[in-house]
Each structure stands twice: as structure tokens, then as C-alpha cells.
Amino acid sequence: KHISNHDTLWRTAWSLGAAFLFTVEDRLHMEAEESGSPDTMQAWRRLPSFRFRDFETLHGASPGGAALVAVEMGGAPLETFHHPPCAVYLLGAEDQGL
């Protein structure tokens, strides 16, 4: 929803070894660099980010064999969840969820 949230997600994805980051139907107005960004690692220089207009377009572009994993408040704790070897993790907006 906000560029600072996106930057934090980008930095976290990079730190955890993600191959890419994506947004679906985002409401962002992307600036090259925003003053005060929480992305102190400048992950945007290292981790590709894709923007999809809708879920169907994202699903069609997902890597073959990748499991879709929905991450939502109240779901299984990530610490105990069995993570598939190849997955696309879906996180919802904080105001609307998935």
C-alpha cells in the first residue's frame, strides 16, 4: 500500500534469499529512491520486482511446479510450517488481506 512497506518487504525478501518480488494490483507510485526508505540494503538493485495487473496474470507467469503459499494473520505459524522447496508466497495488503 505504501512505498515504505514495499521497501521493507523488498529488503526482507532479499535477506531471506528470495529470487524475486512481485506485486498484484498495487497502489504504489514507484520512485527510484525515496528519502528515508527503510531499504538500507538497496535490495531494489539486486532483487527483481515484477508488477502484475491481476492474480490471473501472476499465476500464469509463476514458475512451473511452484506451490502457492498464502501468508495471512491467523494462519499456521511460519516457524512450524513445512515450506515447499519451490514456492510463491502470497501476502495480502494490511488493510484488505488476500
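## Basis of the model

This is a predicted model, in which local features need pLDDT of at least 70 and side-chain atom pairs count only at pLDDT 80 or more, while totals for chains, interfaces and linings use all residues. Residues are numbered from 1 along each chain as its sequence is written, and side-chain values use heavy atoms, with hydrogens and water left out.

## Overall architecture

The protein chain has two helices and four strands, which follow the pattern α-β-β-α-β-β when read along the sequence; helices (H or I, at least four residues) and strands (E, at least two) are DSSP runs numbered from the N terminus. Of the 98 residues of the protein chain, 20% count as buried.

Taking contact to mean heavy atoms within 4.5 Å, 63% of the contacts in the protein chain between residues at least 6 apart in sequence join residues at least 24 apart. The protein chain exposes about 6900 Å², of which carbon and sulfur atoms supply 55%, with accessible areas coming from the Shrake-Rupley method with a 1.4 Å probe and, for residues, only the protein chains shown counting as cover.

## Aromatic pairs

A search of the whole structure finds three aromatic pairs, where rings of Phe, Tyr and Trp (its six-membered ring) pair if their centres lie within 6.5 Å, and planes under 30 degrees apart count as stacked, over 60 as edge-to-face and the rest as tilted. Phenylalanine 20 and phenylalanine 22 form a tilted pair, at 6.1 Å centre to centre and 45° between the planes; phenylalanine 20 is partly exposed at 28% relative accessibility, whereas phenylalanine 22 is buried at 15%.

Phenylalanine 20 also pairs with phenylalanine 50, edge-to-face, at 5.8 Å centre to centre and 75° between the planes. This pair links distant parts of the chain, since phenylalanine 20 lies in the loop between α1 (3–15) and β1 (21–24) and phenylalanine 50 lies in strand β2 (residues 49–52), 30 residues apart. Ring pairs link Phe20, Phe22, Phe50 and Phe52 into a cluster.

## Salt bridge

The structure holds one salt bridge, defined as a side-chain nitrogen of Lys or Arg within 4 Å of a carboxyl oxygen of Asp or Glu. The side chains of arginine 53 and aspartate 54 meet in it at 3.9 Å, N to O, and arginine 53 is exposed, with a relative accessible area of 66%.

Notes
Buried < 20%, exposed > 50% of the residue type's maximum accessible area, 1.4 Å probe, protein only.
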